[in-house]
Every structure is written in structure tokens, then in C-alpha cells.
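Please keep the structure open beside the text while reading.

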Amino acid sequence: MNMKRCSITKNSAAVMAVILAGTMMTGCGGSKSGSSGDNLVLEFRGGDYLTGKPYRVTANKSLRELSCSYGVISKENPVTGEEAPENQWFYVLPEEYFTSYDLDYDREKSYIERCRGSLTDGADMEAEKELALTDPLTADQWHLYNIGQNPYGVTEEPVKGVDINVIPAWRTVLEDRKAQLDGSGVYVVVTDSPVDINHEDLRDRVYNPGIPGSEDLINTGISLAKLQENPDSNHGTGVAGIIAASGMNDLGVRGIAFNASITSVTMESDAHEPRALEYMLSMPGPVLMNASWGRNFQTVTQPDAKELYEALYEKNIAVIHAHGNEFIAGYDKDARPYSSSICLTLGINCEFKQTDQISREPFVINVGALDSLGVKAIYGSTGSNLWVTGFGGLQGGSKNPAQKTSAAIVTTNCQYDPHDWSDPDANSPWRNEDNKYYTNTMNGTSSAAPTVSGAIALAYQAKPDLTVSQLRYLLAVTSRDDTVMPDLALTVKEAASDQSYGEPIVYDYGWQDNAAGFRFSSHYGFGVVDAAALVKGALACDSDPVCAGLKDLPEVYVSGNSSPCAFSDDTGRNVTCVFSDFRDPEDAETVLGSSELTIDAITYDVSGLTYLPEGFKDFCELAASPEDEEITEHNRERKQAVFDANLILQILAESPEGTKSLIKPLYANWDFKSGFKVPDSNIEDEFSMAPLDLATSTFYRETLKEGTDKPWTLSIKSPCKLDLDALNKSMHLTVYGRKNQE
């Protein structure tokens, strides 16, 4: 039968009436052949074909049966078990419709369904019906479902299948609650610039915890005047939309956890951080925090914040943190006084990212970024403390037609006319009157982190008592590495003769399988997040012995051997630290002894790292000199000398099983002990650098035990001689884990 698309006004909230006429239907109305005479009307209401939420189909006449070409018709609601009354059915478009990724853009936005009804008098009737997305811009959100759509006009179209795999997650039915996964009952705290809580696609998601004294930070909203003063203040609104923009409301976009609750907590100064963390400890659960921010390039230790992050972990509040966008940050002495742009030449990470407290916390989930082509986004910082990768995208478009571009993330933008506040993409070809409160240019790890937060919110809904340790484990085992996504493949970056040291050097180890069988890289962590696999793992956690065993908090052991570090040659520049005699930091009488600990997290305190005046570089004497109390030319020169020394500093950790982790790679710029201060920062210079616990994910679930043939080691390679006494005063290895059963 030849079918043609009818001119129908779309109203997907109560999806339009279907006119079913005779078997020789030629258009919307159809012919009236058949014994029933007048038309038969079907109404499709309340459903959603992406999530598989059943439509309720109602007939105005008695039918013996009903069937459709694409969807499945049943008398029982497949989610709730409700029995449909006479002349009603439930309709679901099967998941298989989406698994091949063969849909085109228009067919994702809507499709023509043909249904056949058998009347009680024996007559059959057919009609075609257009079903449309219940959130019109969802088809533009490639990170949700990537079919290579390109409504943005980028030169490099998204690669099919590169997405978060959320459709199967949405279709997961919680049998005990007779509900599907949508984030219901989960609270997500967006610490960022203020979220536009009045936005049409966010206002129904906003939750106010009613904490006294928090009115200046929680759910403040954002004014047009603030946007006019600083257009970047729309950042938090975009983040919130990725996580939880309302679904099935006939408006704009859809969040990954589109029925989760959102609380906006303003994070626009260093003083806001501890207050925000304290507020989260007062909120109902399950709670997770999205932190699409970081302190770039000023290394600080914040004891108060450290204690609060530990408290969040103990209360099972997951912290999802954007790892950073400085892989190719470049050589900009005004913004960042880099020593060299050699990182760009070698194609390695330009900036060391364990500078602020949140990035070094051992149980924070640091997130890297994938672009729409299925590889690490060019800006995405790498590092040993990365855990997983989310979806960040790139530019979303360019005014220069010769420039290569690929898709960014489509999400919410502040609900003010974009021309009233100098919205950077106000004139984007993608923007029009219907989507002017949305953007197609959100990118960065700021976008990647909330894609992971959205997936985690679904996992929390599936298992509300999920612990942070269980969550980290599930992310590690379900995320997709290069064996699943071959385009993630990496090669070891190395030189037979490094230009600084004149000897073989490894700059990046690529993908490694650690001794516990976990595959890790500093580019992707344990891989690209998979929402469907994550929620499946959460539902099965109690029956997985490893996952179930991570319910309780880990034990903590700290190396206690005195003077763990020694020079590894006669240069005074190369040091190897060996760790043993592990003890409970709160009870020195409690030792690890003959027990074995399966590692959950691990950190090394390097706060004693201090340069001496001698070395093979001229800058060593200046780098080792004391800092003047006042701003002087000496201080400026000293600062640059410390940057020069830190640039070619390498810190390499190795486990007894031979797994290696480049904690501080060569040529990653770092400000440590330089006296550098970010302009307008209110972090004071007298902030102590001790402890400075650097984290690595590489050794996840390897085993800590005493008396092995080969110990845990940390090797430091420096251009300047090192103060061994200072290093030994602070150096220790901290291990969080659980004892293996005998």
C-alpha cells in the first residue's frame, strides 16, 4: 500500500487522534469502504517512543483486536501491569527500532505508524499515524542517541553509535516499583554559576532543601543584568539541562535523568566551596554533586574542604568533577606562565591537573571528554586521577567556513532573549525563535561531567543505597575501553632520547591492563560511560560478590617506614621512594601485617618536594632561592625558574606487579611552590602545601601486602638536585581498601 505523510498538527502530549478508515486508505481521511460505515477514531496518549513509556490507545468503537506495523499492542501495561479496559490498549515501540542506528534525522523526530483494526462485525480498517518526539530538540542531542545527525551544519558529522547508550537504560523497568528509570527520587546538586531556575525546561526539576542561611547560594536564579555583565554566567544552566531537563513536556531538550531533582548552588568564589559542601551533607538522599569547575594552575591545599569531601564520601554522596580542558592550553605567559609549549609539539598533556583539593580527592570521580567523532576531545586534559570519560563535544559550528568543526552538546540556555545579553551564539544558524532558550555550543569537560552525573542519577534510582565505592567499581567495569570502541586506541608515547635528559623517556603509557585486570589510560580513565550497562550493574550489585563487598567504608593504611626515599644515582636529582610498614593512621599499633588489602584508592604525599641550587639547568639556583616578602623582580624570575624546573619534573609510581602510573608526566606545566597566584583568587599565599596527596586510578583493585619481592615505589626525575631530608619528612603512601578474605 502506498502511504503518504499527512499534514497533521503535532501535539505529542496527547498524541493526536488517528482516523482509521477502510482497507483502501489513500490519505489521512481514507475511504469509507467496509461494513462499519463511518470512521473509527484512535487516540494515542501519555506515551513516549524513546523511553518505551506505553501510550494508552483508545478506540471510539468496539474492536476485536488491534495491531500496528512498528509498535507492539497489548492489553496489559508492560510497566505497571494494569489491564486496559474495553476498547483500550497499550502501545510501545520496541527497543530494536533504535539498536541498528539506521534511522535518519527526520525519522527520529517522528515516524508514520500504520495500524489495522478488526471490528466486531469482521471488517478491517487501516490508517497511518504520525508519532513525534515529546521533546522536540531531543533529536539534536547526539550524546543521547547518535545517528550521525547534523542539524548544526558542522563540517564533520557525528559518528553513528557514539553516545551514552541511554535508551536501554530508560527502558529498564523496576519491577518492585512498577516504574521506568528517569531519575525520580534522586537529588543532583549543581555547583556552578547560578542555574536559571525559571527556565521552561528546568523549573519543574528544581528542589529547595530549605537550609537556613543558604538563600544567597541555593537556587538564587540568574538575572538578565548578571548575564549582561558576564555572559559566561549561563554555564550552570547548560550543565543542569544536560543532567535533568524535563522530559515529555513538549519543550526543548531532555536530560539524561529527566525526572531527577536539581538544586543550584552558586560556586563563584573559593569561599563558596566549603559552604556548598556543608549544605549537601544536610540534603536527603540519594544525592550526587556535579562540579563542572576547577582551579586551574594554582596549587593549593584546603584542609577544611578535604574534611568535607571525606564526609561526603562517608555519606555516599558522589562527587562528579570535570577534569579540565588544558591538554592543548598553549603558551600564554599572561594567563598561565608556561615554561614551554613543547607539550604541543609532542602531542602530550600541557598542564598538570592535580592542583586543587577536589581534583586530588581519592574518591572524587574525575571525568574526561569525548567528542562526537568518538575520540578524546582535543582539549581534554589527561591524568592518572581520571576515572571515566563523558561526552563533551567540540565547537558546534564556526563563522569561518574553512574551519573544521564538529558537534557540541545541545542543552538549555538562560531564558532571556539571546540578543539582550550578548549571547555568544545568538546568531548561530541553529538558533531560531523556537529554540532561542537553548544552545548547540556547550562543550568541554564541563559538558562531559554532567553526562556522567545523569547516568549516575539513573543508577542511584535503580539502587538508592549504592555506595560511592560501589559506584566507582561499576563505572570501572561497565565503561567502554578500546577493546569495545576501537577508535579509542592509543600508542605508547616515548622517545629514545628525550631532548631534556638525553635518555629514553615514556611520556604516556596508553592503555594498560593492571594486575587486577582493569584496563586504564590517562586519556579515558577506565573508558567511556555506558548508561545502560551502569544501571544494569547497579541492579545486579547485590548478587555481584565484588560489588556487594564494597558496601562498607574501606580501611585506611599509611606507610610508616622512616626515610622511604633515597637517591637512585649519584646525580642527586633522581630519587626512588620505597614503602612498607603500613599502619592505621589513627592507631599506629594496628598494622597491616600478613593481611592483604584490595585497593580502592591510593595517594602519595609529595609536599616535601624541594629543589636545591645545583643541577644540569641554569635555572636551578634561582628556583631554589627563597621568595622575597614583597613583589620584586627576583620573585618574578624565581617564579619562572620554578616553572621551568617543574616542567621537566617526572613522578612515576609502580606497583609490585609492574603496573606503572605517570602521576606527573614530563612537560606538563605545574606551578607548585612557584608563588604563582591566579588573578582575583582569594586563596592566600600562606596556604600550606602539606599534605599534597597526589592520586592515581591506575592501581585500582591491585593488592597491597607486606614483604613482597618487589615493593611499591615512587620515582622522581628532576633537572635540579632534590632536598632528600625535606622529601622524607612528608613522603608516604596512603592506601584505602578492604582486607581479602582468608
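Accessible areas come from the Shrake-Rupley method with a 1.4 Å probe. On that basis the accessible surface of the chain comes to about 28,200 Å², and 47% of this surface belongs to carbon and sulfur atoms. The model is a predicted one, and every value below is computed from it.

**Overall build**

- The secondary structure of the chain consists of 16 helices and 36 strands.
- With a radius of gyration of 29 Å, close to the 27 Å that the globule rule gives for 742 residues, the chain is as compact as a globular protein of that length.
- Taken along the principal axes, the box filled by the C-alpha atoms of the chain is roughly 100 × 60 × 55 Å.

- Of the 742 residues in the chain, 59% are buried.
- Among the contacts in the chain with a separation of 6 or more, 73% are made by residues 24 or more positions apart.

**Aromatic pairs: Y70 and Y111**

- A search of the whole structure finds 28 aromatic pairs.
- In the pair of Y70 and Y111, the ring centres are 6.0 Å apart and the planes stand at 80 degrees; since an angle over 60 counts as edge-to-face, the pair is edge-to-face.
- Y70 lies in the loop between strand 4 (63-68) and strand 5 (72-74), whereas Y111 belongs to strand 7 (residues 110-119), so the pair ties together parts that are 41 residues apart in sequence.
- Y70 counts as partly exposed at 36% relative accessibility, whereas Y111, with a relative accessible area of 1%, is buried.

**Aromatic pairs: Y101 and Y145**

- The rings of Y101 and Y145 have centres 4.9 Å apart and planes at 25 degrees, so this pair is stacked, the cut-off for stacking being planes under 30 degrees apart.
- Y101 sits in the loop between helix 1 (96-99) and helix 2 (105-109), and Y145 in the loop between strand 8 (124-132) and helix 3 (167-170), so the pair ties together parts that are 44 residues apart in sequence.
- Y101 is buried, with a relative accessible area of 17%, and Y145 likewise counts as buried, at 3% relative accessibility.

**The ring cluster**

- Ring pairs link Y70, Y111, Y101 and Y145, together with Y49, Y97 and F98, into a cluster.

Technical notes: Residues are numbered from 1 along each chain as its sequence is written. This is a predicted model: local features need pLDDT of at least 70, side-chain atom pairs count only at pLDDT 80 or more; totals for chains, interfaces and linings use all residues. Side-chain values use heavy atoms; hydrogens and water are left out. Helices (H or I, at least four residues) and strands (E, at least two) are DSSP runs, numbered from the N terminus. The radius of gyration is taken over C-alpha atoms; the globule rule is 2.2 Å times the number of residues to the power 0.38. Buried means under 20% relative accessible area, exposed over 50%, partly exposed in between (1.4 Å probe, protein chains only). Contact means heavy atoms within 4.5 Å. Rings of Phe, Tyr and Trp (its six-membered ring) pair if their centres lie within 6.5 Å; planes under 30 degrees apart count as stacked, over 60 as edge-to-face and the rest as tilted.
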